[in-house]
Amino acid sequence: MTQLIEIKIPDIGDFTDVPVIELLVKPGDTVEKETSLITLETDKATMEIPAPQAGIVKEIKVKIGDKVSEGTIILVLETAAEPAKPASSAEPIETPVPSSASEPKKAGMSPDSSAKVNSESTPAGSRDIPQGDIHADIVVLGAGPGGYTAAFRAADLGKKVVMIERYPTLGGVCLNVGCIPSKALLHVAKVITEAEETGHQGIVFGKPAIELNKLRAWKESVVAKLTKGLTGLAKQRKVRVVQGTGKFVSPNMIQVETPDGLRTVSFEYCIIAAGSSVARIPGFPYDDPRLMDSTGALKLDDIPKRMLIIGGGIIGLEMATVYDALGCKISVVELMDQLIPGADADLVKPLHRRIQKRYEAIYLKTKVTGIEGQENGLRVTFESASDTVPAPEPQLYDRILMAVGRRPNGRDIGVENTGVNIDERGYIPVNKQLRTNVPHIFAIGDICGEPMLAHKASHEGKLAAEIIAGGDHTTEAAFDARAIPSVAYTDPEIAWMGLTETEAGKQGIEYERAVFPWAASGRAIAMARDEGLTKLLLDKKSRRILGAGIVGVNAGELIAETVLGLEMGADMEDIGLTIHPHPTLSETVFFAAEIAEGSITDLYMPKK
């Protein structure tokens with residue numbers, strides 16, 4: 001007997017209206033359990049939705065470009081009907097546990113739906129644990145911002161700590177091939193573009209001579225300085241570092257493939273901080289070195305004449321900012337109807353207007369259907385995702401940057417050998433204390449859910465270490481951040497935190513908005529960068545801040561005040577009565593609060 005079942009989008013965390021960027025099956029295909037069916041894309045990552053069971057695809061209910069949320073039907077599957085199994089007195093009935101790693105994060109809470117810890121479990125320290133070549137109280141798998149923060153905090157609290165890292169230097173993706181080198185290059189890009197634009201003020205510089213070898217060496221020196229500092233901090237704290245690729249072989253043992261051979265590391269507790277990897281769209285010629293990911297782009301091998309960036313999210317646009325300043329003609333293709341889909345549209349508009357004048361092309365509602373390697377470049381074909389937007393003609397580019405997000409590394413570290421739950425996308429679910437379903441194993445950072453941000457991982461790492469070290473004294477400790485800010489280090493920068501207008505509308509939350517245009521900011525005008533705005537969202541009744549968004553120069557620095565305001569429960573009067581220095585861009589937060597209170601004098605606001 002067979003039956004038809006509707007396959008729906010599972011809990012995908014704090015995301016709604018996520019676009020479908022790829023269909024991985026077609027009607028008539030036979031699929032196994034956990035076969036990937038479709039690919040979705042957020043502003044920072046891609047995710048594949050797997051089949052919950054085996055069967056034959058009868059009908060596809062979505063198409064590329066459709067926006068889906070939890071519960072959306074994606075296809076109909078014909079499966080073998082299974083008779084209901086009666087409960088036996090010898091077999092305890094278990095309540096099904098969701099497998100998602102991400103619950104709504106409006107309050108900044110880590111998910112706990114699928115990491116129910118058995119309070120009667122035997123403490124790790126009292127079990128007979130097999131000893132490896134190295135033994136530690138706490139092993140941290142991964143030395144990125146979350147991992148080294150966890151390791152250092154645990155060591156400070158008196159624990160014997162071993163940190164396992166695949167790279168020869170500490171810092172993980174963020175420090176070695178991500179956040180830090182990209183910001184170094186973005187600083188250079190800012191100097192170049194500011195020098196160009198001073199011509200409007202009567203200061204004219206000549207065209208910069210770019211010595212690529214020196215620029216690359218300077219970028220690498222920034223990374224080296226920081227990695228050397230981390231190595232010193234590890235030595236000072238007596239944190240032992242084992243370099244190599246680690247995989248679990250049992251609930252208390254990790255096998256590490258080191259340059260000197262295999263070694264085993266046993267532990268009482270473990271903190272998984274194994275991060276994420278670059279996501280790929282199948283079918284493209286990844287063996288062609290001219291098709292790069294963000295790591296390849298940061299190597300800065302050359303400055304191509306023409307480059308296409310696939311993906312208009314934060315990572316893609318930051319690298320576009322660098323290569324544009326260095327003299328490359330940039331084109332960006334994005335499936336959605338706006339760049340940086342996770343941000344409110346009014347924050348993205350000033351950036352879009354600026355780069356539209358600088359870049360060769362920005363293709364929205366468009367997807368790449370093919371990349372063909374030719375002797376003189378990469379030939380790209382496009383397809384429109386909208387009936388109203390014509391597809392661009394095929395183009396030839398010197399290089400292409402794939403920037404369609406990242407995927408968690410949960411399936412690459414042998415967690416199946418520990419009993420730790422892992423969801424269909426590779427995330428490891430945790431509770432509010434960052435524990436997995438195995439009480440002595442914790443997970444932090446990218447691998448335990450969105451948002452994939454270094455500052456979230458660091459916060460979680462410190463908390464996990466304190467919970468392990470504190471024992472019974474930290475039973476009430478939990479990840480309770482009310483807001484996790486996001487920043488796009490583009491030009492202009494875009495930063496936001498807490499509730500967005502898009503989210504408020506979908507959730508039916510009543511709010512007010514107060515927007516101060518930088519065209520009325522003395523400091524912004526003096527800098528010749530008055531295209532920005534500062535926006536505060538507030539609760540209609542309590543007048544407390546719910547969220548904020550800023551676009552403009554140094555928006556990433558300015559957003560911190562609003563995060564603190566939300567964490568402290570500040571209302572508009574609190575912010576509006578706080579004296580800010582003049583003339584500064586920080587005043588724009590103050591002015592927005594004054595607009596909300598109806599007391600602003602730097603703008604004329606007609607009475608309603």
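Is Lys 238 buried or exposed? At 71% relative accessibility, Lys 238 is exposed, where exposed stands for over 50% relative accessible area, buried for under 20%, and partly exposed for the range in between (1.4 Å probe, protein chains only).

Welcome to this predicted model, in which local features need pLDDT of at least 70, side-chain atom pairs count only at pLDDT 80 or more, and totals for chains, interfaces and linings use all residues. Residues are numbered from 1 along each chain as its sequence is written, and side-chain values use heavy atoms, with hydrogens and water left out.

**Positive phi angles**

- Lys 238 is not a glycine, yet its phi is positive, at about 60°.
- To find Lys 238, look in the loop between α4 (212–236) and β11 (240–243); helices (H or I, at least four residues) and strands (E, at least two) are DSSP runs, numbered from the N terminus.
- Leu 434, also a residue other than glycine, has a positive phi near 70°.
- The loop between β24 (406–408) and β25 holds Leu 434.
- With 0% relative accessibility, Leu 434 counts as buried, whereas Lys 238 counts as exposed.

**Cis peptide bonds**

- Glu 450 and Pro 451 are joined by a cis peptide bond, with omega at about -5°.
- Another cis peptide bond links His 582 to Pro 583, and its omega is about -5°.
- Pro 583 sits in the loop between α12 (572–576) and α13 (587–597).
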